[in-house]
Each structure stands twice: as structure tokens, then as C-alpha cells.
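Please keep the sequence and the model in view while reading.

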Amino acid sequence: MQDTPAAEVETVARTRPRRRWRRLLVVAAIMLLLLGVPWWTLLSSGTQWPPAVIISGTVAFACAFIGLPLMMTLGHGRRHRDWAAATGDALLGVMWVLFVWSVLAQLLRLVLFVLGVPNPDRSRIVAGAVVIVAVAVLAWGYAEAMRVPRIRRVDVDIPRLGSGLDGLRVAVITDTHYGPIDRSRWSASVVDRVNELDADVVCHVGDIADGTVDVREAQARPLAAARARLARVYVTGNHEYFSEAQGWLDYIDGIGWDALHNRHIVVERNGDKLIIAGVDDATARASGVAGHGANLEAALAGSDPALPVMLLAHQPKQVVTAVAAGVDLQLSGHTHGGQIWPFNFLVRLEQPVVQGLSRHGDRTQLYTSRGTGFWGPPFRVFAPSEITLLTLRSVG
């Protein structure tokens with residue numbers, strides 16, 4: 001007797017190609033929108049450029065339409081070609097910036113129309129403005145993405161924090177995303193800047209790399225030199241589950257950090273204690289990696305309920321569980337502050353907070369970092385990277 005009826009197998013076999021085609025159609029529609037609006041703004045819409053300009057520009061847009069999925073497949077698919085990934089990521093960023101400023105440029109078109117500027121001058125002014133602004137934004141965004149982050153200093157009042165821990169300094173890095181662009185020197189500079197802070201606790205709140213330990217270890221190696229008076233702690237982000245989450249947990253343990261894989265540690269200063277707990281990323285359970293899945297109950301098992309709790313959880317939306325458990329402070333990343341404006345508005349559809357300190361429930365506070373590195377497109381626009389220094393203050 002067969003375990004699966006033949007009719008069911010046939011139905012599944014038919015459904016998979018349909019889903020694949022639907023995904024391809026969705027991707028194609030998005031790309032047509034991202035490229036179509038800039039193409040219309042720069043080359044059509046009454047610009048009346050010479051035929052050679054229109055043809056060459058159209059060819060460039062067509063190459064982008066074909067090249068982006070090709071580079072993404074070669075770079076982020078099974079072959080993992082870093083040069084292709086870097087090319088595809090950069091092209092995606094350029095497309096997004098051109099799209100955004102082409103849309104906004106229609107306001108300039110309206111103003112020029114009201115002022116009585118005729119075509120083709122009106123459309124050519126708009127096209128030129130889009131090119132100038134896009135080039136300037138991309139150059140600035142690239143510099144912002146590649147620089148060593150500035151220090152962002154934030155004081156956090158925690159009513160249950162003992163006076164012996166008043167002034168505890170917590171350095172936070174997250175979303176380093178060591179990837180296809182070799183940033184070994186950048187990584188070493190980040191660690192040097194963290195060490196200058198002389199923090200009591202250093203935290204890495206996930207998305208350490210895009211790739212396996214074997215491939216990205218050279219970029220992650222400087223983390224071994226990070227210094228903290230009391231503890232160095234780490235939790236997984238969603239990107240670890242695209243490669244080898246357990247491998248990164250083992251690596252972090254191997255360089256002397258505490259990997260908080262649904263567990264906690266206790267730090268003490270001047271007779272007062274703080275629980276530092278960590279949970280797996282929200283995507284861990286669905287990833288299928290055995291033994292992984294966010295479990296705050298397990299992370300706090302055996303802890304003293306009277307002590308204050310600082311929780312590391314990669315995604316801000318995990319604060320719902322933190323509120324229910326009475327956590328005092330959750331540290332998160334994941335959002336990158338939107339990374340390339342105005343993507344922050346789309347991030348807000350999925351996450352309760354995009355960046356900064358926020359309060360949830362009667363007790364719980366959430367600090368969401370804009371991230372230390374970048375993912376994908378090597379640009380940061382109106383979303384600067386950060387190394388955060390939180391100073392915990394006892395109240396009362």
C-alpha cells in the first residue's frame with residue numbers, strides 16, 4: 001500500500017510549477033515598475049532626445065532588467081559567486097534610488113508646468129535633476145555605508161536595576177553582514193572603536209554574516225579582540241539561518257563570547273545582578289534547523305524573577321514575548337533603520353519600531369539599532385549606521 005496516493009503526488013507536482021511561475025511574475029512586475037518609471041522619466045515623457053540617446057538608454061535599462069536576476073542567481077544562489085552578488089546588490093540599490101527620485105521628480109514636473117515651462121525643456125530639466133540627485137545620493141550613500149559607524153549614546157532608565165549597576169555601559173553592534181565585499185579592515189576598525197568605549201558588556205545582536213563561517217571567517221575574526229569588563233554576548237539573526245546558524249554559534253563560542261542560544265547569563269557589579277538573556281531569531285523555528293527556535297521561557301529558566309532582565313532578540317517584533325515575560329530591556333537590530341530611504345516606511349509595516357528607544361507595556365523598553373553594517377546594496381541613505389553605547393541608569 002502506498003503512503004501517498006498517486007493523485008496527491010500529481011497535485012503537488014502541478015502546484016509547485018504554478019507557484020514558481022507566480023513568483024517569477026511578481027518579480028518581473030516589480031522590476032518593470034522599478035525600471036519603467038525611471039525609463040519613462042529619463043527617456044520618454046516628452047524629452048524628445050535624439051534617437052541615439054533613447055536607443056542607448058533603453059538598451060541600458062534592458063541590460064539591467066536581464067542582468068539583475070542573473071547576478072542575483074549567480075551571487076546568492078547555489079554558486080555563491082561574490083563578484084556577482086556584489087554587482088547585483090549594487091544594481092538593486094541604483095534601481096531603487098532612481099525609482100524613488102523619478103517618482104518625486106513628478107512634483108518638479110508639476111511646478112514647471114504651472115510656471116509655463118514647455119516641453120521638451122520641462123521634461124529635460126526633470127530628467128537632468130533626477131540624474132544629478134541620484135548620482136549625489138548614491139555617492140553619499142556609499143560613503144555612509146562604508147565608513148566606520150559613529151557612536152550613538154543613549155541613557156536608559158531601568159527602575160529594577162540595582163544601584164550597584166547604575167552607569168553600566170553596554171556597547172551594541174548588530175547586522176554586520178560580512179558578505180561579498182571584503183570588509184576585514186572595516187571589521188577591525190569597528191572592534192577598535194568598540195574597545196575605545198571600555199564597555200562593561202558588548203553585544204552582537206545577530207546577522208553576523210551572509211555566508212558560512214568558512215567563507216566569512218576572515219571578516220569576523222576581529223571580533224575575537226573585542227573587550228568587555230563583564231561579558232561579550234551574541235544571538236542569531238535571520239541571515240544566520242540562510243547559511244549555518246549552528247556554525248556561527250560554535251564559532252562565537254570558540255572566540256570566547258557567550259552565544260545566548262535560548263539561555264541566559266548573570267553579570268554582577270557592586271553586589272547587584274543583571275540577567276542577560278538571548279533568544280534565537282523569529283525565523284529560526286521555520287528554518288528547519290534542529291534544536292532552533294525562539295524560546296524565551298527556556299532562556300529564562302532557572303533565573304531569579306526579582307532580577308532585572310536585558311534580552312537580546314534580533315527582531316523588534318519579538319518584543320511581544322518580552323512584554324509578556326516582564327523583560328526590562330530588549331536589544332534588537334534587523335531593520336537597518338530602513339537603510340535606503342524611504343524603505344523605512346515599508347519596514348514599519350512588519351516591525352513595531354524602525355529605530356531608537358521605545359516603551360512597550362508597563363515595564364519593557366526596546367532599543368532598536370539602525371545596524372552597524374549594511375545588507376545587499378552598499379548604500380545607506382538617511383539611515384546612518386551606528387555603534388550604540390547604552391548607559392543603564394538605576395531609578396529611585
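A residue is called buried when its relative accessible area is under 20%, exposed when it is over 50%, and partly exposed in between, with a 1.4 Å probe and protein chains only. The model is a predicted one, in which local features need pLDDT of at least 70 and side-chain atom pairs count only at pLDDT 80 or more, while totals for chains, interfaces and linings use all residues. Residues are numbered from 1 along each chain as its sequence is written, and side-chain values use heavy atoms, with hydrogens and water left out.

**Helix α4**

Helices (H or I, at least four residues) and strands (E, at least two) are DSSP runs, numbered from the N terminus. The buried residues of α4 are R122, S123, V126, A127, V130, A134, V137, L138, G141, E144 and A145. Helix α4 covers residues 121-146, and its 26 residues should span 38 Å at 1.5 Å a residue, the expected span being 1.5 Å times one less than the number of residues; the end C-alpha atoms are 38 Å apart, in agreement with this.

**The two domains**

The domain assignment, whose bounds come from an automatic or database source, gives domain 1 (17-145) and domain 2 (150-394). Contact, meaning heavy atoms within 4.5 Å, takes 20 residues from domain 1 and 19 residues from domain 2. The table gathers values for this pair; buried area is the accessible area (1.4 Å probe) that two parts lose on being put together, summed over both.

| Domain 1 and domain 2 | Value |
|---|---|
| Distance between C-alpha centres | 35 Å |
| Buried area between them | about 1700 Å² |
| Salt bridges between them | 2 salt bridges |

Of the buried area, 73% lies on carbon and sulfur atoms, and W96, E144 and A145 supply 33% of the area that domain 1 buries against domain 2, more than any other three residues. A salt bridge (a side-chain nitrogen of Lys or Arg within 4 Å of a carboxyl oxygen of Asp or Glu) is formed by R150 with E144, whose closest N and O atoms are 3.6 Å apart. On the side of domain 1 that touches domain 2, α3 (82-114) and α4 each supply at least two residues, and α3 gives the most, with 13 residues.

**T388 in strand β12**

T388 has its place in strand β12 (residues 386-394), and it counts as buried because its relative accessibility is 0%. Leaving aside neighbours within four places in sequence, T388 is in contact with R152, V154, V170, A171, V172, Y367 and S369.
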